[in-house]
Each structure stands twice: as C-alpha cells, then as structure tokens.
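Subject: Handover of a structure

Dear colleague,

Please find the sequence and structure below. A summary of the findings follows, and I would be grateful if you read the two side by side.

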Amino acid sequence: MKSILGLFAAIGLVLGMTQMAAAGSIDPNDSPLWQTMHQDFLYGDEAVFDDLVTVVMPVDIENSTDVPVAIRLSPDLGEVEEVALIAENNPIPLVARMYPHRQINMFGIKIRLEMSTPVRAAARTADGVWHVGSEWANVLTPGGCSAPIEFSEAGAGARLGEISFRTYARDDGTDRLKMRIIHPMETGFAFTPEGDEIPAYFVERIELADENGPIADLVTNAAVAPDPIFTIDTAGLNQSLQINARDSEGLQFETFR
Amino acid sequence: MTIIRTSISAFVVLAALLAASLSAHARGLTYGLQADEIADGVYVFWGLQENWNVQNGGNIVNTGFIVGDKEVLAIDTGPTKFYADEMIRVIRSITDKPIRNTVVTHHHPDHSFGLQRFKKINSRVMMHPEARAGLLRDGAALIGFMEIAMGQGWMAGTEIDKPNKSIRQSMKLDLGGRTALIMPLDGGHTPGDVIVMDQKTGTLFAGDLIFHQRAPTVPHADIPTWLDHLNTMSAMDWQRIVPGHGPLVTDRSVFNMMADYLEYLQQFAEDSVARGDTLADAMTSDVPERFHGLSTLQIEYRRSMLSLFRKIETQDFDAAAAVN
C-alpha cells in the first residue's frame with residue numbers, strides 16, 4: 001500500500017514537472033524586474049508563463065506615445081477574473097486592469113512606452129493562478145511617457161470625454177466592441193516648452209455594459225496612450241450599449257445606444 | 001528599482017552613443033560620397049538601400065547635381081552637416097562653377113537637413129512653402145529622432161535652417177547651355193514636393209515621389225494624389241529617373257510597382273478599419289509576397305499602417321461620435 005502511494009506520488013511529481021516545463025514559472029524575457037512586478041501587481045500569487053495569453057504588438061516601436069497592443073485570451077483559460085497589462089520599464093508599469101463579467105477573447109488597447117521593455121499580459125483564472133504572456137518591445141524613440149505631445153490640446157478641448165464606439169460581427173463568430181474616448185492622458189512627467197510641469201490627468205475607470213448586464217470594468221493609468229481606444233471581443237453583444245467613464249479629476253463621461 | 005534601472009539604461013545608451021560618435025570621429029566622419037556621372041553633366045550620389053543607422057549616418061538617400069556652362073544646380077542636401085559639406089567638396093573637385101541654386105525636394109530630414117551648408121556657400125536654397133513649413137514645424141523633433149537612430153556623432157553641428165526662396169509654381173532655371181525645369185508636385189508624398197527635370201538629357205530627379213525597389217514612406221502622404229502624380233511623371237518626356245531612394249530608373253515598371261503597393265496600403269488600411277481590426281493586428285499582418293523584394297519593407301509597412309490606419313480610424317470614430 002505504501003509503495004503504491006509512493007508510485008502515485010512519483011507519477012504526480014513527474015506529471016507536475018512536465019506541466020511546469022510546458023507552462024513554466026521562468027520569465028522568458030529574463031527581466032530583473034519581473035519579481036518586483038509579480039509582487040506589486042500580481043500580488044505574489046502563483047504565475048505561469050504559457051500560451052493561453054498572448055500579446056500581439058509590433059516589436060520595433062517608432063511612435064512611443066501610440067503603441068498598439070492586443071491581448072488574446074484563449075477560451076481554454078475558462079473563467080477569467082482579472083487581466084493586468086504591465087510594461088516593466090515604464091515609470092508607470094501598470095498600464096491597465098480589466099475585470100471581465102463575461103468571457104472575453106481579446107482586449108485591445110494603445111499604450112505609452114518610455115523605453116524598451118517586456119510587455120506582460122496576465123490573466124487570473126478562477127483558481128487564482130495568473131497566466132502570463134510576454135512580448136519584448138524594442139522602443140526606437142524613447143520617451144513615450146515624458147515627451148509633451150500635441151494630443152494634449154485636442155484632448156483638453158471642448159471634446160474632452162467624448163466617447164464614440166462601433167460594434168462589429170467578427171469572422172470567428174464573436175462580437176467586437178471598439179471604443180474611443182477623447183482625453184489627454186497626461187502622465188505628470190511631461191513639461192511645457194516654458195518648463196512648467198504638466199500635471200497628471202487621466203481616465204481612471206471605464207464600465208462597459210449592455211442590456212444583459214455588465215461586460216467589463218477597466219481600471220486605467222496614464223500609461224494608456226492619449227485619446228485611448230479599447231477593443232473587446234465577446235460573444236453575443238446586445239445591441240443596446242452603455243459606456244461610463246470617470247477621470248482623475250472626478251469628471252464623468254457617458255454614452256449609450 | 002525602476003529609477004535605478006532607468007539610469008542604468010540611460011548610461012548604456014549614452015555609452016553606445018559615445019562609442020558611435022568616437023568611431024565616427026575615428027573615420028573622420030566621412031560618408032565616402034562619390035559622384036556618379038549618369039548623363040552628360042548630371043551626377044548622382046547614390047544612397048544605401050538601408051534604414052537609418054549608426055553605421056551609415058543616414059546615407060540612404062540619393063542626391064545629385066547638374067553642371068551647366070555658367071553654374072551648378074544641386075538637388076537635395078543630405079541628412080547632416082557632414083554629408084552636405086562632403087557633397088560640396090566633391091562638387092568643387094569636379095567643377096569650379098558656382099553652386100548658384102539648390103533645390104530641396106521636400107522637408108524630410110534625409111533631403112533637407114544639409115541645407116544650412118549650402119546657404120553658407122551662398123547658394124540660393126529653394127523649397128515648396130509647405131515643405132518649408134513642415135521643416136520648421138517638425139525639424140527640432142526630427143533632429144532628436146535622428147540622434148537616437150544614428151548617434152549624436154553624425155548629427156553634430158546639424159541645424160534646422162530656412163530656405164531662401166519658395167517654389168510655388170513651375171520655373172525654368174538657365175544653367176548655361178542647359179535648362180532645368182523645377183516643378184511642384186505637391187500633396188502626394190508630402191504636402192510640399194518638388195521635382196527637377198534636366199531638359200538637355202531628359203534626366204528627372206523625382207525626389208521621394210519615386211522609391212525604386214524600396215518601400216515608400218507614407219506618414220505625410222495622400223495616396224490618391226500621389227497616384228495622380230505618378231501618372232503625371234510617367235507621361236513626362238524622360239530618359240532616366242533618379243529616385244529619392246533606390247537605383248536609377250530606366251523603364252516604366254517602377255510606376256506599376258509603386259501604384260500597386262500604394263493602392264494595396266490604402267485598401268488594406270480601409271478594409272482593416274471597416275472590419276474593426278485593431279492596429280496591432282494591422283501592423284503585424286503579413287505583406288503579400290509580390291512586395292517582398294522591396295527593401296526596408298517591414299519597418300516601412302509598420303510605419304505606413306500606423307499613420308494610415310489611425311487616420312482612417314479617427315475619421316471613422318468621429319463619424320460614429322456624431323451618431324452615438
């Protein structure tokens with residue numbers, strides 16, 4: 001009896017190791033900051049690098065104030081409770097969190113990158129494990145978080161907080177929601193030509209819902225690019241949509257259809 | 001932790017720039033420019049089929065000059081002070097006629113950033129007014145971009161300067177024994193392009209309206225207008241074309257290739273936005289095989305999508321905003 005238990009334990013160990021090798025807790029980008037990121041933003045919870053979460057983005061970045069990122073979330077993840085997007089070498093590493101209220105297969109966003117960095121997307125499943133996908137972004141024009149940019153004027157003008165959106169039926173059978181909100185998304189690290197600091201000012205929360213209830217909540221930081229665009233793929237989007245947003249000055253914006 | 005990492009990275013970047021600048025100094029910052037006489041009295045400095053980098057110092061552009069009995073006309077001024085100075089030295093080694101006029105075909109840095117040096121030798125520098133505006137608007141930012149892309153050593157002493165004369169409409173320049181036609185062909189590749197035709201030999205300096213065997217740059221482009229300009233140039237009475245980038249053009253196939261690629265870009269970006277693609281999808285999509293022979297394709301394709309897709313997407317969101 002004892003030996004059979006031992007055998008089971010051995011098989012279990014081997015299986016466990018095999019799974020570890022396939023998924024892996026070793027950072028594929030071998031970044032010295034990963035441990036800190038893991039503690040600070042993934043709460044030190046169990047995290048595995050696997051291909052259930054993938055980061056799609058151009059790897060050579062020439063416009064560091066508009067870096068498009070698409071996070072693909074495999075249906076094999078099952079229920080996802082939280083998605084975090086982290087750009088490690090940014091002065092604001094945590095770009096955004098998304099809390100899905102239904103199955104979401106893709107989350108698209110545009111971000112700022114201060115310099116070359118690993119970009120991590122982590123999805124926390126119901127069992128509390130983070131599944132992490134990574135891409136290395138080679139930033140050819142550093143300073144996406146600290147360069148003053150022309151968008152600021154447009155975003156702070158009469159259209160501040162204007163939300164527009166469209167929905168699309170995608171080839172894979174999902175529905176896509178794509179939305180834009182006009183906002184300067186100031187990081188607080190940029191200066192005017194006169195040398196005055198431009199204070200941080202950004203959209204910090206967005207709630208998406210349709211007639212069937214909430215779709216997802218987003219928590220956003222100033223590392224999201226100016227005039228943010230978000231894209232979400234989910235099945236069975238209802239025709240009536242409601243989007244609410246709030247910025248760091250407490251202003252509230254909404255639109256609905 | 002982040003701050004330490006930042007300063008280490010900054011140090012590494014500085015060290016790399018210093019090394020680049022030292023090695024450039026060790027070589028005496030020379031581009032090794034050689035004037036190739038492609039037709040009687042018409043010379044070209046051929047650029048490399050590469051993107052900007054620390055090794056080439058931005059020598060990726062074709063510049064040239066036309067020698068008349070009275071005077072010389074220079075066409076484009078290269079990416080840096082050092083490039084322009086070298087150009088001027090080589091021209092002077094070939095002819096003692098004064099470089100009375102210089103045409104800068106548009107405001108992009110590889111063509112315009114040497115213009116201060118031509119002014120310095122009392123050449124009259126001519127540009128389209130829109131190109132002048134673009135240079136003064138974007139120049140400082142572009143110097144910063146180029147210092148990052150190819151190292152500060154190559155950029156040392158390069159300053160943004162204004163042209164002396166605006167070219168608003170076609171004009172003929174008598175160089176002595178030959179006439180150069182200077183003709184605005186604007187709003188296609190950039191808001192302020194100019195082409196130059198040496199009428200004696202039928203040599204057309206097309207600036208960046210023609211990229212030969214190289215992916216064109218479109219961030220300031222209006223593709224439908226560019227296609228019109230291709231037709232205009234195709235119908236002109238030329239024997240050979242010096243493109244802004246790539247080897248000499250002697251037949252018409254370049255027009256088909258350029259139109260095919262530009263139409264593809266425009267159509268793909270429009271379809272992509274209409275389908276609801278993300279820009280990440282569009283920028284990482286595969287380019288059809290028939291374009292794979294174009295040099296610098298990958299980086300230019302991504303640049304093109306970034307600007308074209310966002311432009312169309314912005315119009316689409318603006319239209320949606322009116323409805324939502």
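A salt bridge is counted here when a side-chain nitrogen of Lys or Arg lies within 4 Å of a carboxyl oxygen of Asp or Glu. Please bear in mind that this is a predicted model.

Under that rule, Arg176(A) forms a salt bridge with Asp281(B), and the closest N and O atoms of this pair are 4.0 Å apart. The rule finds 10 salt bridges across the interface of chain A and chain B. Polar contacts also link the two chains: 13 residue pairs, both members at pLDDT 80 or more, are found across the interface.

Which strands of chain A each supply at least two residues of the side that touches chain B? They are β4 (67–73), β7 (104–111), β10 (163–169), β11 (175–181), β14 (229–234) and β16 (252–256). The most comes from β10(A), which gives five residues. Sorted by class, this side of chain A holds 19 nonpolar, eight polar and 12 charged residues.

The size of an interface is often given as the accessible area lost when the parts come together. Between chain A and chain B, the buried area is about 2,900 Å², and carbon and sulfur atoms give 57% of it. In chain A, the residues that lose the most area to chain B are Glu62(A), Arg166(A) and Lys178(A), which together account for 19% of what that side buries. In terms of contacts, 39 residues of chain A meet 33 residues of chain B.

Finally, I turn to a pair of helices in chain B. The axes of α7 (residues 223–234) and α8 (residues 253–275) of chain B come within 10 Å and cross at roughly 170 degrees. Angles over 145 degrees count as roughly antiparallel, and α7(B) and α8(B) are therefore roughly antiparallel to each other. Among the residues that meet are Trp226(B), Leu227(B) and Leu230(B) in α7(B), and Phe255(B), Met258(B) and Leu262(B) in α8(B). By class, this contact has 11 nonpolar, two polar and one charged residues.

Yours sincerely

How values were computed. Residues numbered from 1 in each chain as written. Chains lettered and ligands numbered in written order. Predicted model: local features only at pLDDT ≥ 70, side-chain atom pairs only at ≥ 80, totals over all residues. Heavy atoms only, no water. Contact = heavy atoms within 4.5 Å. Buried area = accessible area lost by both parts, 1.4 Å probe. Polar contact = N/O pair within 3.5 Å; in protein donor to acceptor, adjacent residues only side chain to side chain. Helix = DSSP H or I, 4+ residues; strand = E, 2+ residues; numbered from the N terminus. Nonpolar A, V, L, I, M, F, W, Y, C, P; charged D, E, K, R; others polar. Axes fitted to C-alpha atoms, helices over the stretch in contact; angles between N-to-C directions. Parallel < 35°, antiparallel > 145°, perpendicular 65-115°, else oblique.
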